[in-house]
Amino acid sequence: MKIAFSTSGLTPDAPLDPRFGRAARFLVYDTERETYTLIDNTQNLSAAQGAGIQSAQHVAASGAQALVSGHCGPKAFRVLSAAGVTVYTSSAATVADALKAYRDGTLKALTGADVEGHWA
Amino acid sequence: MIVSVASGKGGTGKTTVAVNLASTQGSRIRLLDCDVEEPNARLFFKGAACGHPETVTRPIPEVDEGQCDGCGECSRFCEFKALAVLGRRVLVFPELCHGCGGCMRVCPKGAIREIPKRIGTVSIHTADGLSVVEGRLDVGVAMAPPLIHAVKRKALASEKGDTILDAPPGTACPVTATLHGSDYVLLVTEPTPFGLHDLTLAVEMVRELKLPFGVVINRADSGDDRVREYCRKEWITVLAEIPDDRRIAEAYSRGELLVEALPEYRTLFKHLWDKVRGQS
């Protein structure tokens, strides 16, 4: 299966970005093939609003069935759950650490947003 | 003549100036309370309301998923990211929608229609022939301009003389929506560093909007001279100075018109109106 991680870097050793909507990119890890691809998210860094919604659409379109990030706001959560993506939060330092935590089953799945929206 | 009363900093005395200007001019005036997030002008006119509060709505999209083929055109078009397309499901975020109608137009299947979403009310209250038109935004609604436009439309529907608009504080969208179409803008300020800082932002705004304007300094003998200096350097006319009279604040806190509680201030507001007439 594919798992998406929010990150500021380019490889699994890169930091896990605690932000979702304003993350620079997503690393989508394929656990069957042990390979990964990168989705660029930089156009959402300066978006006035709707960054979480747009990012969630990108993640859904990548085929990921799970997302790991620091937090998830209400609008992003609504899109992700409509797309069938399970959202996990982690305070792991790197993408690789977060992936290990996922495999160990120690990550907490969200049942709703864990932070408030920024705009409305 | 359409005169708006604005400021940069909140709490400088916009409502004080707007309601007392209106009161001294009496039945020839329509007073529009455009501070729809916290309207308070009506508190100073203990008159009866004419008619019920009218509900105001704005249009948001509704997608017929039976017609939708998931092409994503609507989501790509939306400047405000109010639509998310997942397969054939379209999620609408009404709180982000600005009601432009664009999604409806670009949908190749005609699967989108507009439905009204309530944002607040507009009501007209008359006291001694003076009309106060009040807009009141529902709690939790983020966007004021659509209701402000409704207030202005409702006011223009009735035949009357001059119009005074009590604007919201600041320099953002609700204020520009209020000021648009004004013949003259009064910027109310106070002679303090915060007052001056925010006044310069408000001046930048009215110059950008190309509206004639003048300044009223409230609590004029408190603080320092920086505001007067700034107006002098910028060739901005100071039309009136209201003294730092504690009795004014006391009357305001009781919901009393200054020109009724302290009739000696009538002349100040009469002269202010005459000067505005002369300037615009």
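Begin by colouring chain B by domain: in this predicted model, chain B is divided into domain 1, which takes in 2-47 + 128-279, and domain 2, which covers 59-118. With both domains of chain B coloured, the C-alpha centres of domain 1 and domain 2 can be seen to lie 39 Å apart.

Next, select residues 14-25 and 266-279 of chain B, which are helix H1 and helix H10 respectively; the two helices pack at an angle of about 90 degrees, and their axes are 9 Å apart. An angle of 65 to 115 degrees counts as roughly perpendicular, so H1(B) is roughly perpendicular to H10(B). Show the side chains where they meet: from H1(B) come Asn20(B), Leu21(B), Thr24(B) and Gln25(B), and from H10(B) come Arg266(B), Phe269(B), Lys270(B), Leu272(B) and Trp273(B). Sorted by class, this contact of H1(B) with H10(B) has four nonpolar, three polar and two charged residues.

Now move to chain A and display its strands, where an open sheet of six strands runs in the order S3-S2-S1-S4-S5-S6 with mixed pairing. Strand S3 (35-40) and strand S6 (108-109) of chain A are at the edges, and because each has a single partner strand, one side of each is left without a neighbour in the sheet.

Within this sheet, select residues 66-69 and 86-89 of chain A, strands S4 and S5, which pair in the parallel sense over four bridges; here Ser69(A) stands opposite Thr89(A) in S5(A).

How values were computed. Residues are numbered from 1 along each chain as its sequence is written. Chains are lettered from A and ligands numbered from 1 in the order in which they are written. This is a predicted model: local features need pLDDT of at least 70, side-chain atom pairs count only at pLDDT 80 or more; totals for chains, interfaces and linings use all residues. Two strands pair if DSSP finds at least two bridges between them. Axes are lines fitted to C-alpha atoms, for helices over the stretch in contact, and angles run from 0 to 180 degrees between N-to-C directions. Angles under 35 degrees count as roughly parallel, over 145 as roughly antiparallel, 65 to 115 as roughly perpendicular and the rest as oblique. Two residues are in contact if their C-beta atoms, placed from the backbone, lie within 7 Å. Ala, Val, Leu, Ile, Met, Phe, Trp, Tyr, Cys and Pro count as nonpolar, Asp, Glu, Lys and Arg as charged, and the others, Gly among them, as polar. Domain bounds come from an automatic or database domain assignment.
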